[in-house]
2 protein chains.
Amino acid sequence: MSDVKVIEIKKSIFEENGREADELRAELKSKGVFLLNLMSSPGSGKTTTLISLINKLKSRLRIAVMEADIDSDVDAVKIKQATGIESIQLHTGGMCHLDAEMTRQGLENLPLEDIDLAILENVGNLVCPAEFDTGSCCNAMILSVPEGDDKALKYPLMFSICDLVIINKIDVMPYFNFDMDKCLSNIHKRNPKAEVIPICALSGEGVDRVAEWLMERIADWQK
Amino acid sequence: MSDVKVIEIKKSIFEENGREADELRAELKSKGVFLLNLMSSPGSGKTTTLISLINKLKSRLRIAVMEADIDSDVDAVKIKQATGIESIQLHTGGMCHLDAEMTRQGLENLPLEDIDLAILENVGNLVCPAEFDTGSCCNAMILSVPEGDDKALKYPLMFSICDLVIINKIDVMPYFNFDMDKCLSNIHKRNPKAEVIPICALSGEGVDRVAEWLMERIADWQK
């Protein structure tokens with residue numbers, strides 16, 4: 001039905017995920033590949049945000065995407081169709097998160113020598129993915145306006161481990177009881193250093209700021 | 001700051017969750033208590049839906065609510081303030097779901113002899129809660145319009161174990177690319193028997209149907 005690659009990911013046999021993650025980061029560094037781990041709730045707009053972001057960056061960076069889902073390949077197909085870049089689907093076999101070894105299994109299916117930026121779209125879940133270091137160089141998350149301004153209070157670990165919090169769907173703010181100041185205050189309570197960028201992935205508003213932020217991080221990483 | 005009871009839930013020491021769940025169901029049956037397990041993504045409107053539902057049912061049933069969250073007690077406080085019924089907060093200590101033993105720990109803090117309907121608001125997560133039988137008499141979930149019509153494809157287990165799928169936030173359908181027919185078709189692909197009820201928890205639209213559906217289930221259970 002579709003021509004994207006689907007990888008069946010197996011659960012890690014290594015207990016020491018932290019060590020695995022550090023090793024993977026070192027390898028990526030030696031290869032000059034920056035790995036971004038993008039997390040969020042189901043339906044907050046990870047795929048739409050990635051499409052907008054990739055279309056802004058693909059003339060400056062060689063990019064590939066790994067789409068993790070329990071089932072289906074709709075996201076990998078969407079990314080490939082909308083951006084033309086390499087996109088593979090990782091099936092987690094019911095698992096609620098990816099760890100470093102599972103991420104490595106995904107990366108082995110990408111042509112790393114031809115890639116500057118690899119993006120992992122993690123399983124839609126604000127709890128478990130926060131507990132497992134994937135070996136990424138940077139953690140980012142999306143919170144969408146319809147989810148509410150109190151999420152940092154309820155899912156503290158996720159907000160505390162992310163370098164970047166993207167607030168998506170700001171176009172529908174008038175239709176929701178969402179207080180941006182309260183949201184920012186809740187996020188910074190959990191993580192005073194978090195960069196917060198409001199966007200509308202559909203229209204592209206704010207996505208330039210995300211692109212610039214990421215370019216700076218990649219430049220720092222490559223130093 | 002608030003006067004709701006907060007329970008620190010410990011991880012189950014029992015491996016055999018299925019057996020524990022069946023035992024809990026039998027005990028609840030003998031006490032005439034119907035336990036509803038309500039699940040969803042973060043921010044899909046579980047608490048708002050419960051407030052609307054409880055206010056419709058509280059003259060006909062004696063109700064109590066257990067609000068499970070990793071942290072904070074905002075939901076239990078909201079329920080108590082908006083409905084006046086008994087509401088306790090269960091802190092899961094970072095856990096992404098509740099199992100039967102954890103649910104039992106919560107129920108032990110409720111006056112079961114004075115309750116017809118106990119409602120468990122599970123952790124906001126479409127993955128892990130689906131894997132653990134809580135001992136509930138009925139599983140229900142909320143999918144909100146902003147999350148998209150494709151979620152049943154991506155989170156198959158959750159949709160397959162729910163007797164009732166509530167589609168919330170139908171008031172904002174004009175602002176989202178959400179196809180109700182496609183959504184229903186995706187849900188019924190996973191679970192042909194699922195009852196699906198569209199609602200707007202904020203205005204109360206459709207909540208009467210949820211209340212009637214639940215009253216029928218409770219009547220069947222008490223036979």
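Let's start with how the two chains sit relative to each other: chain A superposes on chain B by a rotation of 180° with 0.0 Å of shift along the axis, and the RMSD is 0.0 Å. The two copies are thus related as by a two-fold rotation axis. Please keep in mind that this is a predicted model.

So which surface do the copies use to meet? In this model, 100% of the interface residues of chain A are also interface residues in chain B, so the copies meet through the same surface.

Now, on to the charged pairs. As a reminder, side chains of opposite charge can pair when their charged atoms come close. How many salt bridges are there over all chains? The count comes to 32. I'll walk you through a few.

One of them is the pair A:R190 and B:D71, whose closest N and O atoms are 3.8 Å apart. This pair crosses between chains. On the chain A side, A:R190 is in helix α7, residues 180-190. On the chain B side, B:D71 lies in the loop between β3 (63-69) and α3 (74-83). Are these two residues buried or partly exposed? A:R190 counts as partly exposed because its relative accessibility is 28%, and B:D71, also at 28%, counts as partly exposed too.

Next, let's stay inside chain B. B:R104 and B:E101 meet through their side chains in a salt bridge, at 3.9 Å from N to O. Where do they sit? Both are in helix α4 of chain B, residues 100-107, and because they are three residues apart there, about one helical turn separates them. As for accessibility, B:R104 is buried, and B:E101 is buried as well.

Here's another chain B pair: B:D163 forms a salt bridge with B:R217, with 4.0 Å between the closest N and O atoms. This one links distant parts of the chain, as the two residues are 54 residues apart. B:D163 is in the loop between α6 (156-161) and β7 (164-168), while B:R217 belongs to helix α8, residues 207-222. With a relative accessibility of 26%, B:D163 counts as partly exposed. B:R217 is partly exposed as well, its relative accessible area being 28%.

Finally, let's go over to chain A for a group of residues. Which residues are joined into one network by salt bridges that share partners? They are A:E16, A:R19, A:E20 and A:E23.

Conventions. Residues numbered from 1 in each chain as written. Chains lettered and ligands numbered in written order. Predicted model: local features only at pLDDT ≥ 70, side-chain atom pairs only at ≥ 80, totals over all residues. Heavy atoms only, no water. Helix = DSSP H or I, 4+ residues; strand = E, 2+ residues; numbered from the N terminus. Buried < 20%, exposed > 50% of the residue type's maximum accessible area, 1.4 Å probe, protein only. Least-squares fit on C-alpha atoms with pLDDT ≥ 70 in both. Contact = heavy atoms within 4.5 Å.
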